[in-house]
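Please look over the sequence and the three-dimensional model shown here, and keep both in view while you read.

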Amino acid sequence: MDNKRFLLDSARMARFVAHGFLRLDAVVPADMNAEALAVLAQGVPPVPYGTPLSQAYAPDSFTARLLDVPQVDGALRSLVGPEPLVDHHAVHVREPRGGEAQALHADAIIDVRPDAFDVQLMYYPQEVTLEMGGTLTVPGSHLRRINETDTGRYQNLRGQDRLVCPAGTVVFVHHGLWHGGRRNDSDTTRYMFKIRFNPTVRQRLLWDTSDLHDPRVRSELDVVFPWYEHAVGRLERYNRVLLWRELTGEPDFDLDHWVTRVSNRPEEATA
């Protein structure tokens, strides 16, 4: 199957740039989800940091087949391009009626790259109910740089999203997104499998760009989230413009002149 037809379009790419994540509901087949529960319960052997994706997982392994699901493959190619490196992977298990909610955090150390980003794949093989305590995310937080648990004292933010999803859902997350696993208050063990990918190519025009100038792109990029402060929240849109310029190679793209008004460099007056 040609997975190129499953590349993201520009509107969905813009939505990722604005929200910091992309959700693909129920894209993994039911038989693979059933298989995943046994695979994840046993654990997935580690992969050395920086292993090229084509060398990281045996072709017949569950992980390789998961990444070959057309919608998953297309989204990954759109976001980080071909042959990314595997940073690490992990199986997260929340036992029934046990554990505590994670503090709100961003993964790893502060990352200030303005022209590149890693993505994390988060796979949920089961239906996740509210009681099961799925991953909490704060949409639009990924470009406000923090170091790990700098946000750990925050308990609830307006507009936060607590994942409830059908089995077989995959979420791609920008490395800077604020998130945290919730406590499992159900009677069912909850599994989540994540993989972090590092791009090896410039992340420019990797997706289906046939709708690059569709009005929906600008609308997606200009969204405002409830937790944004009236003034400081403008910085999020400013940073989106910078990232979109890098992703598209369009140096003059802007939203309401956020970047244009501070990028002029007057020349020295001549006598």
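**A helix, a sheet and some charged pairs**

Helix 5 is mostly covered, since nine of its eleven residues are buried, where buried means under 20% relative accessible area, exposed means over 50% and partly exposed means in between, all with a 1.4 Å probe and protein chains only. Helices here are DSSP runs of H or I with at least four residues, strands are DSSP runs of E with at least two, and both are numbered from the N terminus. The model is a predicted one, in which local features need pLDDT of at least 70 and side-chain atom pairs count only at pLDDT 80 or more, while totals for chains, interfaces and linings use all residues. Residues are numbered from 1 along each chain as its sequence is written, and side-chain values use heavy atoms, with hydrogens and water left out.

The buried residues of helix 5 include Pro70, Val72, Ala75 and Leu79. Just after helix 5 comes Gly81, which takes a positive phi of about 85°. Helix 5 (residues 70-80) lies across strand 1, strand 4, strand 7 and strand 9 (190-198), and it runs at about 5° to strand 7; for such angles, axes are lines fitted to C-alpha atoms, for helices over the stretch in contact, and the angles run from 0 to 180 degrees between N-to-C directions.

How many strands does the open sheet have, and what is their order? The open sheet has six strands in the order 1-7-4-9-3-2, with antiparallel pairing, and two strands count as paired if DSSP finds at least two bridges between them. Strand 1 and strand 2 (51-52) stand at the edges with a single partner strand each, so one side of each is left without a neighbour in the sheet. Strand 1 pairs with strand 7 (residues 169-174) in the antiparallel sense over four bridges. Helix 1 (residues 10-19) also packs on the sheet, touching strand 1, strand 4 (119-124) and strand 7, and its direction makes about 125° with that of strand 1.

One residue shows how these pieces meet. Leu22 lies in strand 1 (residues 21-24), and its bridge partner in strand 7 is Phe172. Leu22 is buried, with a relative accessible area of 4%. Leaving aside neighbours within four places in sequence, Leu22 is in contact (heavy atoms within 4.5 Å) with residues that include Arg12, Phe16, Ala75 and Phe172.

We can now turn to charge. Side chains of opposite charge can pair when their charged atoms come close. A salt bridge is a side-chain nitrogen of Lys or Arg within 4 Å of a carboxyl oxygen of Asp or Glu, and a search of the whole structure finds 18 salt bridges. In one of them, the side chains of Arg144 and Glu229 meet at 3.1 Å, N to O. Arg144 lies in the loop between strand 5 (136-137) and strand 6 (161-162), and Glu229 in the loop between helix 6 (215-221) and helix 7 (234-248), so the pair ties together parts that are 85 residues apart in sequence. Glu229 is partly exposed, with a relative accessible area of 37%, whereas Arg144 is buried, at 19%. The side chains of Glu236 and Arg144 also meet in a salt bridge, at 2.5 Å, N to O. Because Glu236 lies in helix 7 and Arg144 in the loop between strand 5 and strand 6, the pair ties together parts that are 92 residues apart in sequence.
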